[in-house]
Amino acid sequence: MATDPVRRAELRVKFAEFAADRTPELRAELIEAHVGLAEYLARRFGNRGEPLDDLIQVASIGLLKAVDRFDPERAVEFSTYATHTIVGELKRHFRDKGWAVRAPRRMQELYLRIGKIISTASQEMGRSPTVAEIAKEAEVTEEEVLEALEAGQAYRFASLDAPAGSGGDESGDTVGSQMGSADSGLVDAERRATMDPLLATLPAREQSILRLRFYEDLTQSEIADRLGISQMHVSRLLSRSLAKLRTEASAGELPA
Amino acid sequence: MSERDTAPAAEAGPNGSDRPEVHLSVPATPEFVRLARVTATGLAGRAGFSIDEVEDLRLAIDELCFSLIGAKGRGGRLVLRYRLEGRELEVQGMLEGGGEVTPRISEWSHQILEALVDEHEVGWSPEADGSNRGFRMLKRAE
């Protein structure tokens, strides 16, 4: 990463040149100059069960794209622009792979089996089954049930959405304008005043799940029923939304 | 455990196993929040929590732990104390060795925690002089 101002100025000139004549040599040089950034960001996404080498490769692809697409006319540092592109690439990588690569196959199967048990049991009993009941039905221990549920949550976006201080990216994630129709519910105006602006940053489906859970006080199983998806899916979306909102909320506050 | 469906309530057990208390001390970084969750859900399973309740607990532990360690973690250790009594699980969390931290959560997090657990207090202190602030929460199985 070019941190000294002289080097940065040099690179700026080179980007301008590259924008004009797009020679492969210049391209290679610009990429080379920022490999450190790609590696740094890849490392930030380590510890998630993916080999670091793979992540570096994914990050490098992001870097290539950034170099090719960067417009030096815009009033933004390349490193800021590239961070955004590279992180985007890394996130997509995790999203595409989901948890499948990390949870052992046995756990995946158990997780799916448990999902079925939960929905059948909920319907039969009219309430959410206990861990013990699920374990009995699945013929595994309670610990295995919990382990499988945890594995199913394996992809957590908490810090994925708060990558290395990428700060001030002008391209900004498009803040969803789809606020959804304001539904009634039990919630008071005060609560809504706090929550609504944050909710608006989430995809529509996640918004409605949060509303049902926290405005209307439905349980996860009830939400699953209403939306025609599994309780597990509700659970995954909920933890994802909360992780995102946590980051949003803390970003809006003073540094701790 | 599997021979009974109900919670191992107030029966006397050897070594306090009727009222298990678990202490966990991990580095105060995000990757260890998972252990905090797993420990909580493990105990909740013993207390006869339903799956919905277990999932709520999981979300609550995330909110609370991150209120202490921040999104990126910090130095020192996250120390958690879990106490199971009948169908009630109490969790206390604090930081050790990372300097004085005032845990804070957003209004939004408060609202969420209100829906997820029966009691919660961020900024709670185990000490009489109010030092060493952390959090405390309690959740009951229905």
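In what order do the elements of chain A run from the N terminus on? The elements run α-α-α-α-α-α-α-α-α-α-α-α. The model described here is predicted.

## Chain A: helices

The secondary structure of chain A amounts to twelve helices and zero strands. The chain has 256 residues, and 35% of them count as buried. Among the contacts in chain A with a separation of 6 or more, 67% are between residues 24 or more positions apart.

## Confidence in chain A

Mean pLDDT for chain A is 76, with 73% of its residues reaching 70 or more. Where in chain A is confidence lowest, and where is it highest? The lowest value belongs to α9(A), with a mean of 68, and the highest to α7(A), at 94.

One stretch of chain A, residues 155–187, has a pLDDT under 50 throughout. The model has 55 contacts beyond four places in sequence for this stretch. Where pLDDT is low, the predicted coordinates should not be read in detail.

## A residue in a loop: Ser230(A)

Ser230(A) is found in the loop between α11 and α12 of chain A.

Which residues does Ser230(A) contact, leaving aside neighbours within four places in sequence? They are Gly115(A), Ser119(A) and Ala224(A). Gln220(A) is ten residues away from Ser230(A) along the chain, and the C-alpha atoms of the two are separated by 9.1 Å.

## Chain B: a sheet and a helix

Chain B contains an open sheet of five strands, in the order β1-β2-β3-β5-β4, with antiparallel pairing. Why do β1 and β4 of chain B each have one side without a neighbour in the sheet? Strands β1 (21–27) and β4 (119–124) stand at the edges and each has a single partner strand, so one side of each is left without a neighbour. From one strand to the next, the twist averages 15 degrees.

Within this sheet, β3 (residues 88–96) and β5 (residues 134–140) of chain B run antiparallel and are joined by seven bridges. Met94(B) stands opposite Gly134(B), which is in β5(B). Helix α1 of chain B, residues 33–46, lies across β1, β2 (77–85) and β3 of chain B. The helix runs at about 5 degrees to β2(B).

## Confidence in chain B

For chain B the mean pLDDT is 84, and 88% of its residues reach 70 or more. Residues 1–12 of chain B have a pLDDT below 50. This stretch has 21 contacts in the model beyond near neighbours in sequence.

## Where the two chains meet

For the complex, the predictor gives an ipTM of 0.70 and a pTM of 0.59.

Methods:
Residues are numbered from 1 along each chain as its sequence is written. Chains are lettered from A and ligands numbered from 1 in the order in which they are written. This is a predicted model: local features need pLDDT of at least 70, side-chain atom pairs count only at pLDDT 80 or more; totals for chains, interfaces and linings use all residues. pLDDT is the predictor's confidence in each residue, from 0 to 100. Two residues are in contact if their C-beta atoms, placed from the backbone, lie within 7 Å. Helices (H or I, at least four residues) and strands (E, at least two) are DSSP runs, numbered from the N terminus. A residue is buried if 20 or more other C-beta atoms lie within 10 Å of its own, exposed if 12 or fewer, and partly exposed in between; C-beta atoms are placed from the backbone. Two strands pair if DSSP finds at least two bridges between them. Axes are lines fitted to C-alpha atoms, for helices over the stretch in contact, and angles run from 0 to 180 degrees between N-to-C directions.
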